[in-house]
Amino acid sequence: MKFISNLIPLEDALAKIDKNQKIMDTEKVHVKDSQGRVLANPISSYHNSPPFDKSAMDGYAVIAEDTFGASNNLIKELKIIDRIGAGDFSDKTLAHGEAIVIATGAPIPNGANAVLMKEYSYEDGDNLEIHSQVTPSENISPKAEDIAKGDEILGSNVLIRPQEMGLIASAGHSEVEVYKKPRVKLIITGNELVEPSPELDKAKIINSNQFTIAALIRSAGAIVDIDHACDDFEEVKETINKATKEYDVVITTGGTAISKGDVVVDAVEELGEVLFHGVAMRPGKPVGAGIVNGTQLFMLSGQPVAAMAQFDIIARDYLFKMQGIDYSHKVIRRCSDTKIPSSLGRTDYIRAVADDESVYHVLNRGSGIIRSMVEANCYIIIDENHEGIEKGDMVDLIFFNDMVWPTL
């Protein structure tokens, strides 16, 4: 297949992928394992929370009117008739002139309508001196204050954070139904690639993509397995064909440009459908996407920086949506400290460094310069309808940290 000389706009490429968007099946997991997962269905509460009027602190259950006027100068006395610890209750009914010792979270006994803090009293055996007053309902958490039985507490497609875990448990659920994590096969192609080593043979390049792209896949909430294939058409075709039958998404690196030995796009075309090959974006214009055996496939560049940018801009959104999150880039505005040229008809993602007020681009921007990504903390976005930006212009940017799965 020949490389498309007229690159399609980024917007059109994303639209083609969106038409083939798939959503993962669901599974049930224990609440303790639910952090960072996405609810597939709404959840209603089995219980009131709290299930009864409870004490909001350690102190004394009292009739508030018995304390009116009490102060350090006017001490009142009550008689202690019972004591309630955490997880316990009292079957006694409080009468005027009486108090019950109560622990935080314990049920309010019958007859009581307030809780007096320990700090404002003095206990001597069963005699209680009161040095302060309380009002009715003071220091009491009423029944169903947080959740009412039968209430829908969370809707579908909600990301479960620690606070949602607590709410789900309080509602009486030990398990939740969530979207499964996508299983992604990452296929690294290239005869020239070798493992990291202090020694490097001639014409060989260390395979860094297996680490960077796999980490980016995990940062999109997915599970990744890695495979390798030489620049051999039949081997690449067989590897892709097998992977698309076993995984939810397949991502390749290398083999997307026009040069001898670049065979990935040809293999995808023979096995299924190439949705596009070549996008008007920089870095990473030789990016492709296709469908093989009904499975979405992303064809990334072998150039490390281009592959990272292609993943962030083209593939990340797809993985988020598979898990019930309608992802979109969190675009921030900053003032540019520098002039940055660009070309009409191409969307540029410029590696840059931003703080709370301004941003400047990283000077060395070659698609193979991994260090430029290390030096940067964001992409400046230059729209295809702009020829560049001037110093002092307000520009759009995306922080790297804002692109990862929300709880990571």
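Predicted model: local features only at pLDDT ≥ 70, side-chain atom pairs only at ≥ 80, totals over all residues.
**K180**

K180 is partly exposed, at a relative accessible area of 34%. That value falls in the middle class, because buried means under 20% and exposed means over 50%. I then looked up where K180 sits. The residue lies in the loop that runs between β12 (175-179) and β13 (183-189).

Which residues does K180 touch, once those up to four places away in sequence are set aside? I noted M24, D25, T26, E27, R37 and Q323. I also checked K180 against G324. The two are 144 residues apart in sequence, yet 9.7 Å apart in space, C-alpha to C-alpha.

**Domains**

Domain 1 is made of 10-25 + 181-322, and domain 2 of 27-47 + 152-179. Domain 3 covers 54-141, and domain 4 covers 331-403.

How far apart are the centres of domain 1 and domain 2? Over C-alpha atoms, I read 33 Å. For the contacts between these two domains, I noted five residues of domain 1 and four residues of domain 2.

**S34**

I moved to S34. Is S34 buried or exposed? S34 counts as buried, with a relative accessibility of 0%. Its place is in the loop between β1 (26-30) and β2 (43-44).

**Whole chain**

I stepped back to the whole chain. I looked up the secondary structure and found seven helices and 28 strands. The radius of gyration is 31 Å, whereas a compact globule of 408 residues would have one near 22 Å. Along the principal axes, the C-alpha atoms fill a box of roughly 95 × 50 × 45 Å.

What share of the 408 residues counts as buried? I read 47%. The accessible surface is about 19900 Å², and carbon and sulfur atoms hold 48% of that area.

I also checked contact range. Among contacts with a separation of 6 or more, 71% come from residues 24 or more positions apart. Then I checked charges. The chain has 40 positive and 62 negative charges, and their mean positions are 6 Å apart.

**Backbone checks**

I went through the cis peptide bonds next. One joins S49 and P50, with omega at about -5°. P50 lies in the loop between β2 and β3 (54-55). Another joins R282 and P283, with omega at about 0°. I placed P283 in the loop between β19 (281-282) and β20 (288-292).

Then I turned to positive phi. N139 is not a glycine, but its phi is positive, at about 65°. N139 sits in the loop between β9 (127-130) and β10 (140-141). Its relative accessibility is 17%. N139 therefore counts as buried, under the 20% cut-off.

A144 is another non-glycine residue with a positive phi, at about 65°. I found A144 in the loop between β10 and β11 (152-154). How exposed is A144? A144 is partly exposed, with a relative accessible area of 25%.

**S343**

S343 is in the loop between β23 (340-341) and β24 (347-354). The residue counts as partly exposed, at 33% relative accessibility.

Which residues does S343 touch beyond four places in sequence? I noted E384, H386 and E387. E387 also came up in a distance check. S343 and E387 are 44 residues apart in sequence, with their C-alpha atoms 4.8 Å apart in space.

**H361**

My last entry is H361. This residue belongs to strand β25, residues 358-361. H361 counts as buried, at 12% relative accessibility. That follows because buried means under 20% relative accessible area.

I listed its contacts, leaving out residues up to four places away in sequence. H361 touches T338, K339, I340, I350, R351 and A352. How far is H361 from S156, C-alpha to C-alpha? The separation is 40 Å, for two residues that are 205 residues apart along the chain.

Methods. Residues numbered from 1 in each chain as written. Heavy atoms only, no water. Helix = DSSP H or I, 4+ residues; strand = E, 2+ residues; numbered from the N terminus. Rg over C-alpha atoms; globule rule 2.2 N^0.38 Å. Buried < 20%, exposed > 50% of the residue type's maximum accessible area, 1.4 Å probe, protein only. Contact = heavy atoms within 4.5 Å. Areas by Shrake-Rupley, 256 points an atom, 1.4 Å probe, with all protein chains shown as cover. Lys, Arg positive; Asp, Glu negative; His and termini not counted. Charge placed at Lys NZ, Arg CZ, Asp CG, Glu CD. Domains from an automatic or database assignment.
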